[in-house]
Amino acid sequence: MAGDGFGGAGLRTGARGDDGMIHPKKRIAAPALAAGVAILLAACGNSNKQNSLDPKGPNAQKIDDLFIPILGVAIVIGILILGATVFMAIKFRQRDGKPDNPKQVHGHTALEIGWTIVPALILAVVAVPTVSTIWDLAERPVGPNVLKVDVVGKQWWWQFQFPKQHLVPASTQAAYSATVAKGMVTTSTELHIPVGTKVDVALHSYDVIHSFWVPELNGKKDVMPARSNHLTLEASKPGVFMGACAEYCGLSHANMRFRVIAEPMADWVKWRDKVSGGPAQPYSGEIATLTGKTYGCTNCHVFNDPKQQPYGPNLTHLADRSTFAGGTLELDSANLKRWIMNAPGEVPMQSKDCRLPPPATCVGMPSFIKNTPHGQKTMTSEDADKIVTFLMGEK
Amino acid sequence: MTTTTRAATVPAEIAPPRGILHRPKSTSGFWSWWTTVDHKKIGILYGGLALVFFLIAGIEALLIRLQLAGPNGTILTASQYNTLFTMHGTTMVFLVGMPLATAFGNYLIPLQIGARDVAFPRLNMFGFWVFAAGGAFIYSGFFLGGAPNGGWFGYTPLTSTPMTMGALPGHGPDFWAVGLVMLGIGSVTSGLNFVATILNMRAPGMTLMRMPVFVWMMLVVAFLTVFAMPAVTAALIMVFFDRNFSTNFFVAKAGGDPLLYQHLFWLFGHPEVYILILPGMGIVSETLPVFSRKPLFGRSVVIFSGIAIGFLGWGVWAHHMFATGLGPVAQTAFGLSTMLIAIPTGVKIFNWMGTVWGGSIKLSSPMLFSLGFIAMFTIGGLSGVTHSIVPADTQQTDTYYVVAHFHYVLFGGLVFAIFGGFYYWWPKVFGRLLDDRIGKVNFWLMLIGFNMTFFPMHISGLQGQPRRTYQYPANMGWDTANFIATIGAFVIALSVLVFLVNVVKTARRGEVASADPWDGRTLEWSIPSPAPEYNFAEIPEVHAADDFWHRKYTEDEEGRLVRLPAGGSDDGVQHGDGHGIHLPSPSFFPLILALGLPILGYAAVFKLPWLAVPGVIVLLFGVYAWGIEPGTAED
């Protein structure tokens, strides 16, 4: 019989009949627990920088401090209930297959009141720190030492703008005036923040809903069209923290990643001064023609002005970044060349018609070697090399 | 069609039967299934079609798991993956979970309350055909320019942005929105039907508090369905209008608000969760007492906590939206209401355990699935409580932790209960028992596979793996959890295969069931197996909760069970032949009326006004002809 075959293979060890079925639960519990522990241990030894269980800043720490004890209580309650279920199934089973005549208990008022009140009390205890943490985290930081960033979620990459502001750490007074003079800086995919500084992130979207999430620094906050949500980021130590879009936003939602780079204030100021300055190289002559008239890159990108917010990522100082393409590719010449020539081959995009005149349907970067519309130029390898060389020099 | 002969051709001296088409006559055989109004046959139709969709959704899940077995999977494209997770969710909620519950409700409610049919038999059949038409309509998108790909939740503006603006290519969201509106019509009609049946058609003496708990839970579910579907229907129509007719309900720059959609969707969506789980709670509330040989512990408390869940379920919707920037006031309110709903849920779990405690437990397949339900649902409930910790939820939401949570509730809860229900009621429905040994293999494989699939997701979710991503990068520490989950998914598939083997194997050679194979407690076990067409030869008179049990047993002074001397040879089981019982007659019109809906649906999706004409004609013909057709044919 098929049933015996399956049973003998995986579920029963003894040759006993059906009533020997009670023990497997124990045998399953142990490996399952072991597997769980193994996964947890494995997690500690890897390079995951997107781990909500590994907070690296005060906001994420508050969440973790709240969650872990409650998780512990939940695990204990869970083990008690599961244990009691298994225990009952074993203890009260019909041993010889004959029905017993058990005592007919219809209920027990005191017990039932008890198991209504006790969970209510446990939850009341849980509610207090929960509510206080909700209000704590909702507070928006103010003051001269708060760095403001405007984050724009776009299908499928992140834009970071540093508006004119008064971030005035005493030690960097001079640098401050310099930044204000230069106005805003627009970058993408990598968000640089100073360590130990509260960063007031304002979240904007002009297409669909995204969700901004850096698990090691804070919980997530949705990026909504029509409203600006705020989130506070703060890193306690220097490091790189991975972030991702956490709300399904269409085709390449999975490829909408970013990283937060926290560095000491002095390094951050240096970075800011570099990327907010004019382009590293002159943008004229052949390269301007190639990226402009020939291939139309400038329809969506800007190469020589860090302030502007074009439709696509601002490419001024692109080589300052370590990743691109929604944080999915390392920035090197080979990757960049493949991307420039045939971006949809690297990341799925709805960009088949991007090189057509409006109102063509277009989300993302088109291929310049496939589906070239009539009258437009297919990108040559030499031209791609020239653009790559220029971009890799745009530090 | 031979049956379209006009009634006018009937000789003049006989009063012409009212109605436009000849009344279908067959009550058995293939064609009877198209026109039946027998609640039992309709229940089987619901269950059978829902199982087909269950297999389809399972195949979708396996493809998803194959893609995610390792980092940077390449089995599916991003577009295929997005379609599959959308269709898996949509199918499991609307085409599996709800219809399966309706299947059990259809078959069992009249039997458990001592009625011969539901209140509106033809409306019942209409509900089924709308479900069939709606399901086929949504799936036809695969062949007609785009299956749904905006997620089962279909957040705007992703889904509501016109196709020409490129947010989602293809007709996916159109098929999704129109199809769900259609399915909503079917759900509301069957919900109204259940309410009317339960409130009006109980046997003499069957007071509300004597009703089986399963019927109680279905009553709560029916009310939830009737009130919840309009919210999502409104939202879906707005999505369709934004997409196709340039309205601005969810267009931010025109003053619309995408967040409005989420409120409407979850105002339906959270009661929907209870629409899915309460039938499961009802099923185990029936099986646990039978297989423990003890009454349900604190019966009235179990019923009232079910009602409490039904009410509180309306006040927690925004816990799906804690990350949307509602502000701390709303976060606090919905966090606390979410905690509150854990209390009646916990009470139920403890009462079920109180039922089993001290019983005489027969570990047959239905009992194993029911105990599995308690254990798995408890895990899902506890992880649900961690979502009410709002700050923690902002880490968990939209990660695999949530995927783990709701699968523990809906698979570990509903699906385990449904399978327990299959094993329990199969003999009453088909007259043969499913094989218990195969059933145990089915259970253990499902339990192991289920935990392998979904337990690791708790961990990968907390480690930052977001949902709805067709690929994940390597070196994030998620590889092991995902690989185990993929293996587990195939173990679940194997367990379902074992179930199907059981069905096929016992169909011809299974043990023939007596009227009361489990020593049952409720009225359905007092009639022969399979249940005769007329259900009860004599409408029973009810004197207590678990009336049938009390005809068999009494308690001594210590409260121990004492078998009553069998009253003759029949153990209280009915043996009438149903002679002279008048049942509602079959009808073509539920099918015809339901067929009008997908025609209108295609007209809407493809903006073809001419196609709306036949759609409207079919609809009007169906409504009119149904309207003048008597419920029961004169014979």
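Tutor: A cavity is a set of grid points where a 1.4 Å probe fits but cannot get out, and its lining residues have an atom within 4 Å of a point. Keep in mind that this is a predicted model.

Student: Which residues lie nearest the centre of the largest cavity?

Tutor: The structure holds 10 cavities of 30 Å³ or more. The largest has a volume of about 210 Å³. Its lining counts 19 residues, and nearest its centre lie Met98(B), Pro99(B), Thr102(B), Ser187(B) and Ser190(B).

Student: Which element gives the largest share of that lining?

Tutor: Helices H3 (78–113), H4 (121–140), H5 (172–200) and H6 (213–245) of chain B each give two or more residues to the lining of the largest cavity. The largest share is six residues, and it comes from H5(B).

Student: Now the interface. What area do chain A and chain B bury between them?

Tutor: Start with the contacts: 100 residues of chain A touch 114 residues of chain B. Of the buried area, 69% is on carbon and sulfur atoms. The total between the two chains is about 9,200 Å².

Student: Which residue of chain B meets Arg227(A) in a salt bridge?

Tutor: Chain A and chain B share two salt bridges. A salt bridge needs a nitrogen-to-oxygen distance within 4 Å. Here the N to O distance is 2.4 Å, and the partner of Arg227(A) is Asp257(B).

Terms used: Residues numbered from 1 in each chain as written. Chains lettered and ligands numbered in written order. Predicted model: local features only at pLDDT ≥ 70, side-chain atom pairs only at ≥ 80, totals over all residues. Heavy atoms only, no water. Contact = heavy atoms within 4.5 Å. Buried area = accessible area lost by both parts, 1.4 Å probe. Salt bridge = Lys/Arg side-chain N within 4 Å of Asp/Glu carboxyl O. 1 Å grid on protein atoms, 1.4 Å probe; cavity = no way out; pocket = protein on both sides within 12 Å on 5 of 7 lines; lining within 4 Å. Points joined across faces, edges and corners; volume = space filled by probe spheres on them. Helix = DSSP H or I, 4+ residues; strand = E, 2+ residues; numbered from the N terminus.
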